[in-house]
Structures are given as structure tokens and as C-alpha cells.
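Trainee: Hi! Could you walk me through a structure I have not seen before?
Mentor: Happy to, here it is.
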Amino acid sequence: MRTVIQEILEREGYVVRSTGDLGVAVDMVHESRPDLLLIDDYVADINGHDAALYLCQKCKSMRVLMVAGLPDDQRIEGRTTGEGFIVFPKPFAPAELAVRVKEILKTV
């Protein structure tokens, strides 16, 4: 999924750095100060919400787009809206992702 998302966004002209490792993600955030973190709610070692909170401490201006596999899951909505995270339900079409990222980055 990570590779597909990266390809979609690169085709739209975005510079994308991706990893499946939280430690590497921390290094990336320190190095490049990204405008947007796109993270799945369910990742291997830590849930996406907690990882996003941790990474946002390193880069306070970074926006978060949380990809969630359960579109009507109020639990996810409740955990993310307080921090200003935006939930984006799976499955989605490539064009939907591109539009959503563009909308988010307009506000940065």
C-alpha cells in the first residue's frame, strides 16, 4: 500500500519519502520537516495515531492524514479529531487521494 500511495503522489508532483519504520520516520521528520504525514491507522509496531502524535512533537507544523480501513469507525474519528488529524477512509481511488492531499496542503 505504501508504494502505491507513493506512486500516486509522485505522479501528482509531490516529493514523497516513505518508510515502514518509526525510527526512520523520526529521522526523516528531523531532516526534511514535512508538510504532511500520511499514515495508516494500523501499523506494525505501534498504532498510527500514537506514531502520528509522537512525530508531530518533532514537527509541530506537520499536518496528518490518517488512512483508516474502517470508514465508519467512530473510535478512529474520536481519537483523531482532537489533534486535528484528518481521517481518510480506505478503500479510495487514486484521484480521491490526490484531491485530498491537495486540499490539505493548500492550508499549510
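This is a predicted model: local features need pLDDT of at least 70, side-chain atom pairs count only at pLDDT 80 or more; totals for chains, interfaces and linings use all residues.

Trainee: What is the mean pLDDT of the protein chain?
Mentor: The mean is 86, and 84% of the residues reach 70 or more. pLDDT is the predictor's confidence in each residue, from 0 to 100.

Trainee: And where is confidence lowest and highest?
Mentor: Lowest in helix 4 (residues 74–81), with a mean of 58, and highest in helix 5 (residues 94–106), at 95. Helices (H or I, at least four residues) and strands (E, at least two) are DSSP runs, numbered from the N terminus.

Trainee: At what angle do helix 1 and helix 5 pack?
Mentor: About 65°, and the axes of helix 1 (residues 2–11) and helix 5 are 10 Å apart. Axes are lines fitted to C-alpha atoms, for helices over the stretch in contact, and angles run from 0 to 180 degrees between N-to-C directions.

Trainee: Which residues make that contact?
Mentor: I5, I8 and L9 come from helix 1, while P94, L97 and V101 come from helix 5. Contact means heavy atoms within 4.5 Å.

Trainee: New topic: is D40 buried or exposed?
Mentor: D40 is buried, at a relative accessible area of 19%. Buried means under 20% relative accessible area, exposed over 50%, partly exposed in between (1.4 Å probe, protein chains only). D40 sits in strand 1 (residues 36–40).

Trainee: What does D40 touch?
Mentor: Leaving aside residues up to four places away in sequence, D40 touches G48, M66, V67 and K90.

Trainee: K90, what joins it to P91?
Mentor: A cis peptide bond, with omega about -5°. P91 lies in the loop between strand 3 (86–89) and helix 5.

Trainee: What about M28, where is that one found?
Mentor: M28 is in helix 2 (residues 22–32). With 14% relative accessibility, M28 counts as buried. Not counting residues up to four places away in sequence, M28 touches R17, S18, T19 and R33.

Trainee: And R33, what is its phi near?
Mentor: Near 45°, a positive value in a residue other than glycine. R33 belongs to the loop between helix 2 and strand 1, and R33 is partly exposed at 43% relative accessible area.

Note on methods:
Residues are numbered from 1 along each chain as its sequence is written. Side-chain values use heavy atoms; hydrogens and water are left out.
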